[in-house]
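Here is a short briefing for a first look. Please open the sequence and structure below.

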Amino acid sequence: MIVSRRERWLGHGLLILLMAVTVIPFISLFVTALHKPGTYPSGLAWPETPYWSNFVDAFAAADMWALLWSSLLIELGVVPAALLIATLAGFSLGHLRPPGHRWIFLTFILGLTLPFQAIIVPLYYQMRDMQLLNTRWAIILPLLGLYMPFAVMWMRAHFVTMPQDLSEAARIDGANTWNLFTRVHVPLSRPALSSLGILMFLWTWNQFLLAVVLVDDPKNRTMAGALGAFQGQWGTDIPLLCAGSLLILTPTLLVFLAFQRQFVSALMQGALKG
Amino acid sequence: MNEMRTTGAPGRREVVAPASTSLEARRRALKARRLRRGWAALGLVVPAAFFYVLFVLRPLVLTVQYSFYDWNGVGASTFVGADNYTRLVEKPELLGSIVNALELIIYFSFIPVVLGLLTAATIRKFAASRLALVSRTVLFLPQVIPLVAAGIMWTWLLATDGLVNEIMRAVGLGPVTRAWLGDTSTALGAVGVIGAWVALGLCLLLLLSAMTKIDPALYEAARIDGAGAIREFFAITLPSVRQEVGVCVTVTVIAALAAFDIVFISTQGGPANSTLVPGLEIYYLGFFSREVGQASALAVVFMVLVLAVVLPIQRLTKEED
């Protein structure tokens, strides 16, 4: 395709501008985190003496190890279980298609556009009655339900494309439904599963509302919820707040940079299917 | 009955092939097997359905039920009919929260989609260049970080001495500078800017990847017909990415109406309720002033509002399939 010089300059200029707008908030956060604690630094000025100790202080103040551990436990409680039950349901609704599968699927889809805030009040009382408030279960269990509309839709969309011939062949070879599922279909679903896993990992890590409402102790929350608490506590000390925010961001950023290709494609597919 | 019809479908060869006298018997046996498999298949849905019913549908039904009662969460509740709903219209801060959410659509949705479209159309010809590949990673950063973090960063950028004001002073716009999130006339827009920053990258990259799939022959034909860049955009690019535009609009509109994290961190709904949104107001009503019924009525209207806005968009963009 022929691209004129002017078009090339204009396009690259625009792209660089947008990238700058995206990155500058991160840089500002980093530079501010290096200023003297308790000051109100302005703009992007590099501090005369960078206070790297802010990161150490914030690490201790936020109790980072406890936070990481808590988020990890919540992820372990949510992601594998959600993947498993969504795959089972998606396999059934998309491939086996039992009687009534359309209605069941429609019922799941109903929850697709539901904002979490709409059901947070009854959820709170439900968790109170189950005596799970302030435990990690208060985040894990509702998320398993709240992810189902998207996750089931996602896995169903995958299984709909699997040819029935494949299953018939396996059945002729003597496979029952369970063998068919574990030996044939799960191995073939790996790309769909890994994208869904990445999305749910990210949503869980960044989950804020459930953490704020259902769990008081930041050490039992997700990372995003803990960050909210950290802001409430250290909100007046800007450099320390920025250092803490950066620390809390770092794990996500590292995981993202390590698996960026998978992340980008998962997020794009996620948006397209949603 | 549905099952009978599928007998002729591709992939079910075993049924159609032997056209003999035992056809009826075979059919019956097959039906029995299907039924057995059908129950097994339904069983596989049970775990997902269990969590969905218990943690989504049950609270959903309860929200509707609560909305007809006056309840402080502890004592006895009294049935009040539609009172909670009429109060939604009468109390300015309740109605205002809905108006604010609708206004946020301009920032969270309209601006990123339009900007994304224009930029993608400008850079689509070198979407495979090195810079464009790097930008894929960079522009996705706001999608990966928690919205809370975006809120914290931007609260600082938009503060009185923040970078935004610094830049404005540098270019001679000193008199307009202010605490953007603290001024009733600009706070909602400032919150909107944060949302636009988050959404722009995703919209741009989705639209760009859609544009690279357009057949180049279409553009050549347009060139031969003497179409300029603008004609080209409206005649070819825009119609071709219509579905992706629909996706971007849907995702960002939901994000606007359901905004919570960003507002919670940056303004808490203030100053003077100028950035109060339904999600936040439900939180305040339900957990601070303990007006559970009122919170639930707002939640019901909120759900209906989201559906009323999103469903027509879906309709419009899915038509082409």
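This is a predicted model: local features need pLDDT of at least 70, side-chain atom pairs count only at pLDDT 80 or more; totals for chains, interfaces and linings use all residues.

Residues are numbered from 1 along each chain as written, chains are lettered from A and ligands numbered from 1 in the order written, and side-chain values use heavy atoms, without hydrogens or water.

**Thr22(A)**
- Thr22(A) sits in helix α1 (residues 5-33) of chain A; helices are DSSP runs of H or I with at least four residues, numbered from the N terminus.
- Thr22(A) is buried, at 6% relative accessible area (buried means under 20%, with a 1.4 Å probe and protein chains only).
- Beyond neighbours within four places in sequence, Thr22(A) is in contact with Val138(B), Leu139(B), Pro142(B) and Trp197(B) (contact means heavy atoms within 4.5 Å).

**Leu158(B)**
- Leu158(B) lies in the loop between α7 (147-157) and α8 (163-170) of chain B.
- Leu158(B) is buried too, at 7% relative accessible area.
- Leu158(B) and Ala179(B) are 21 residues apart in sequence, with C-alpha atoms 6.6 Å apart.
- Beyond neighbours within four places in sequence, contacts of Leu158(B) include Val164(B), Ala179(B) and Ile194(B).

**Helices α6(A) and α9(A)**
- In chain A, α6 (residues 137-160) and α9 (residues 190-205) pack at about 160 degrees, with axes 11 Å apart; axes are lines fitted to C-alpha atoms over the stretch in contact, and angles run from 0 to 180 degrees between N-to-C directions.
- α6(A) is therefore roughly antiparallel to α9(A) (angles over 145 degrees).

Key: Helices (H or I, at least four residues) and strands (E, at least two) are DSSP runs, numbered from the N terminus. Buried means under 20% relative accessible area, exposed over 50%, partly exposed in between (1.4 Å probe, protein chains only). Angles under 35 degrees count as roughly parallel, over 145 as roughly antiparallel, 65 to 115 as roughly perpendicular and the rest as oblique.
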